[in-house]
Amino acid sequence: MARFHLHLLSDSTGETLEMIAKAALAQFDDTDVVRHFWPMVRSQQHLDRIMGEIAANPGLVFFTLVNDETRGKLEARCQALGLPAIAVLDGVTDALEGLLGQEAKGRPGRQHRLDEAYFARVDAIQFTIAHDDGVGWEDWEDAELVLAGVSRSSKTPTSIYLANRGYKVANIPIVIESPPPSALFGLKRPLVVGLTTAPERLIQIRRNRLLSLSQSPDTDYVDQEKVERELKFARRMFADNNWPVIDVTRRSIEETAAAVINLYNERMAAGAQATAGPKPI
């Protein structure tokens, strides 16, 4: 197994850099990576302290530093140590500069500024938390997305992930013994998406959940026949209401959210096209 040190330097939160590094490393098997995370690198003194750690643990250096002086010193000192230093966003930024005919602003953390989009995302997170697991059905018309599915079909984590992307989301559990509020079937504004999964996978997740709570794993909650009936009931509801359905059996939360966003964008595009069409006289 290949073992190496990876240093991640950012002049902001480092969230973007971490995601890029994670995506790149996912393409390689049998790697043992020791990550060193250095956010908010905005002074020479801070860089000096970090370089001591890099020298003591030599390896690959990824960075997102927009200040020319700081990045220049980092590159020079890495070169002196014989270490590769990669500015992971340079290719994208250069391409955008060429396309737009303007230079990048070069401001650290610009994507995290407190603008209108930031406060909209905060509002979306608050809405989503307040409308988890069927709560607050009176406000569902204010949502952009409503996720429906049986217990443990990843509704809540997917909702929270979508909220962090700026979408107002409500979610509702589908329970045979407790039908959802009638308001669910009359929604106009939100896109309702059904989440389903394979019975075997659902039973496994539910069983692990019960064990984590120190509860007996031998209940109707994990009974094969009853779980299959639950899923069949939910799928029939989705079909009867013509809601799009996503099978989350082999999907991560991120992949499920991406599929939901794609459905939402398709719906918005179709609505825009209909609005832009010829108007009756």
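Tutor: Thr156 counts as partly exposed because its relative accessibility is 31%, where buried means under 20% relative accessible area, exposed over 50% and partly exposed in between, computed with a 1.4 Å probe on protein chains only. This is a predicted model, in which local features need pLDDT of at least 70 and side-chain atom pairs count only at pLDDT 80 or more, while totals for chains, interfaces and linings use all residues. Residues are numbered from 1 along each chain as its sequence is written, and side-chain values use heavy atoms, with hydrogens and water left out.

Thr156 lies in helix α6 (residues 155-164); helices (H or I, at least four residues) and strands (E, at least two) are DSSP runs numbered from the N terminus. Leaving aside residues up to four places away in sequence, Thr156 is in contact with Asp132 and Asn171, contact meaning heavy atoms within 4.5 Å. The "binding site" annotation in an unreviewed UniProt entry covers Thr156 and also, among others, Gly149 and Lys155; UniProt positions follow the numbering used here, feature names are shortened, and annotations may be inferred rather than shown by experiment. Gly149 is placed in strand β5 (residues 145-149) and is buried, because its relative accessibility is 0%.

In one of them, Tyr167 and Tyr264 are edge-to-face, at 5.5 Å centre to centre with 85 degrees between the planes. This pair links distant parts of the chain, 97 residues apart, since Tyr167 is in the loop between α6 and β6 (169-173) and Tyr264 in helix α9 (residues 253-276). Tyr167 is buried at a relative accessible area of 15%, and Tyr264 is buried at 11%.

Phe185 and Trp243 form a stacked pair, because their ring centres are 5.9 Å apart and their planes are at 5 degrees. Phe185 lies in the loop between β6 and β7 (191-196) and Trp243 in the loop between α8 (224-240) and β8 (245-247), so the pair ties together parts 58 residues apart in sequence. Phe185 is partly exposed at 38%, whereas Trp243 is buried at 12% relative accessibility.

Technical notes: Phe/Tyr/Trp six-rings, centres within 6.5 Å; stacked < 30°, edge-to-face > 60°.
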